[in-house]
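Hi there,

Here is the structure I promised to pass on. My notes on it follow below.

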Amino acid sequence: MKFTLEDYQAKAVEDVLTNLAKARAGYADDGELTAVGLTAPTGAGKTVIATAVLEGLYLGTPTREPNPDLTVLWLTDDRSLNLQTINKILQASGGKIDVNRVRFLGDTDEPTLEAGYIYFVHIQALQKNSTLHATRADGSKNDKRTFGAWNMIANTVKQRGQDFIVIWDEAHRGSGTTKTERKTIAGTIVNGGATNVGTVQPAAPVVLGISATPDRFLAAMEAANRTMRPVNIPPGDVRESGLLKDRILLRNLAEAQSADNTMLALAVEDLKAASQSWRTHHDNTGDRLVEPLLVVQVEPKVTDKRLAEILSVLESAWPKLSDYSVAHAFGDPHGPLKIGDKIVRYLPPEAISGDDQARVVLFKSALTTGWDCPRAEVLVSFQGKDSYTEIAQLIGRLVRTPLAKRVDAGDDRLNEVVAYLPGFRTEHVARVVNALTEDETVQVEVMITPEVCSRSATVPAKLFELLDTLPSYMRPKATFPTRTAQLMRLAAALNEHDLVKGASASARAWIVDQMKAADGQRKDEIDAKVDDILALTVNTTVVNYDAAIMLTTGVNEAATSERDLDAYYNRAVRLLPDGSAAWYYNDLCDRGYDEIDAAARVAAMAGLGFKNLIEEQAAELIGTWRKQHQAKVSVNPRHVRDLIEPLFHISTSPMHPTTVQAREVYSAATERIIKGKTESIPTYAHHLYVIGDGKPNAGGFPVDTSRSSWEKEVLDVELAAETLVGWYRNPSSGRHALAVPYEFGDKYLLMHPDFLFWHDDGDGNYVLDIVDPHRQDLGDTSAKWAALAKYAQDHSDRIRRCLAVIRVGNSLRALDLRLGGIGTKLSAATNKALIEKVFDSDGINYP
């Protein structure tokens, strides 16, 4: 894989491979038909997961033998989706999947699909009058084909059996119960039956269905009596990974007036600001430059006059938005569009993401499922208020992060999608929000009429420094299959930022030297293993005819064939971490070993468990480099620290220590939905970030306390303190939040206490109070507060109070989590009654 998989992606790959192995074995043993269902929420990286699965099938893994003769048929219902998927697979694979092994089904005219190839077909290509049929439904022959598509698929099922896998992409489409031809085609490929040209199709032996909403697919597979093996990716894991943007900002007009062109111009200003932010990020970090895109959804029956008006507004707002930078993706026409004296080029949906010259794309309706464009960050929709579901679907295609990671650069704008809805009044926006939040496959925060709050000039500047250095924790941005892979990534990062010259070469040399030393220490054992690999012992046993006596007459030695030796070496490459097998093989050749002896020696070391030794030595060098260079790393810019410091981490803890990152601006919603209607969110004074001058509620910060009956009471109490100098509404995720690790069941999670309050202690120093109002009836409450108690006690030099607050009856009770032994008591309080008992014995009335 070219990309490092997220933890949930790696687990999904392993689960899919395991279930496919069981499915293939079941079919080989007794003809059992199986469907493996991968539920991949929006933004999960389903194509990356599928690519890793294909690599595991064809090339093997450390625990699985490769099957280079497997045949795969990838099925979709859209030709453009096929093209996009092929490009993504080849990009993600980085050359491991040979482009010459990827074909369209229509390009083949053979009795069966060839072994070792991945074929793509879309359902429309198999409709009744398709040119892929050798014999049409009316019995007429196709002079251009000898074998029809249905025949090739059927013959492959019969001849290849368990070595033929159908991958059904977007499997919820075409698996419903309505008897349209397209759905019949998909069902026939998967489950067999009569085709649309009069032939009878056998069921596919093994099916892998990929879907964000799998219910219809699962129901269809169960109705066909297939054994179901589901693999589910929790949507929350996708959001935490940073593969989805953090927020969707909805901007609309609160007043009953028409201002379509004004809103379009504001969207262009947002596009310009995003462009500048991405260029600054690129200059500061060296990350790939993202050219953000503005998506304009025009009226359903847009006129040429209106299109000319839109083009004029775009160019007036930003002269750069003219000519080639503006494109359209209208379903009709598929070609250049002449509007007055301007020509607007056509850009197919699947080509938008890769066309950096396009900065504005015009659409008429929502895009097809499967399309996405992570760099599309601003949307303007001129659709009517009744098109809220369609608008929500379109926004859902824009939520992926363009760099496939959360950008922690202090600029929230880089993790947001902005949608301008000029035709929507506040009472209509609720419909869009509901359509977004009811989609369980997209878990992104939706903010209505947000304001960009800047750093307050009325709070002490020191507070931002205290926030920026506040100890926190984070999930690792990247996990590695081996310590050796982590070492090599660390070496590359140290080398890139001129902290260790030649670090990558030094790391490889270190591993080779350790293998050489171990080779010398275990030479006799390795030599014996090499002899065993190079020679095959063949026993000859004679059985006399019609006699019950067997006689062993001799033992012969035969040289192992080069093909089998290659298999031994290739297995060693999979078993030994990262590139260590190849590194040591090259070293042996440099020292005079011939190629066969060198390969056999590497295979012997792999068979004798040298992986553990290599991993231990890789971890040792990581630890050494941490001690030597951590101080130098700590004085580098934050993006360098964020890259390298996690790579120093070699403990077994799944969470990495870090610090909160004080942002420059803080986007906050100013409206909320209550009982299906929007209403204003109250604002509070003295926050670190405030609404700017000249705007409604300037100097305040909006806080929605509607989800907790006592959050407002806590705020009123804490903000009334005379010693208060500033406070911070702690976000629920991201690098700008104080995050504390806790363990719940078999999971390691992060909790985010609600409020941080700084006070003047009277000596000119500022002390911190953490206050977390929380429901005591939730299952993980005791685990969260026990972890927060440990955090508060570990950082008692910074924290004056750390209060957990609950409501008991009509009163509030508080518990100072800095009390000695309180964490142990809370850990044992695993239900509401036990938690209240702790608050009764050790807590105080609040306020």
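Helices (H or I, at least four residues) and strands (E, at least two) are DSSP runs, numbered from the N terminus. This is a predicted model, in which local features need pLDDT of at least 70, side-chain atom pairs count only at pLDDT 80 or more, and totals for chains, interfaces and linings use all residues. Residues are numbered from 1 along each chain as its sequence is written, and side-chain values use heavy atoms, with hydrogens and water left out.

Let me start with Asn142, in the loop that runs between β4 (118-122) and α4 (149-160). Its relative accessibility is 8%, so Asn142 counts as buried (under 20% relative accessible area, with a 1.4 Å probe and protein chains only). A polar atom of the Asn142 side chain lies 2.8 Å from the backbone oxygen of Thr131, and the side chain also reaches the backbone nitrogen of Lys144 at 3.0 Å.

Next, Thr658 belongs to strand β22 (residues 656-659). Thr658 counts as buried because its relative accessibility is 14%.

Now for the nonpolar cores, meaning sets of buried Ala, Val, Leu, Ile, Met, Phe, Trp, Tyr and Cys residues joined through side-chain atoms within 4.5 Å. The largest has 68 residues, and Leu38, Leu54, Ile233 and Leu250 have the most contacts inside it. Helix α2 (residues 46-59) supplies the largest share of this core, eight residues. A second, separate core has 61 residues, including Phe464, Val703, Leu715 and Leu724. In soluble globular proteins, nonpolar side chains tend to be buried together.

Enjoy exploring!

Notes. Buried < 20%, exposed > 50% of the residue type's maximum accessible area, 1.4 Å probe, protein only. Polar contact = N/O pair within 3.5 Å; in protein donor to acceptor, adjacent residues only side chain to side chain.
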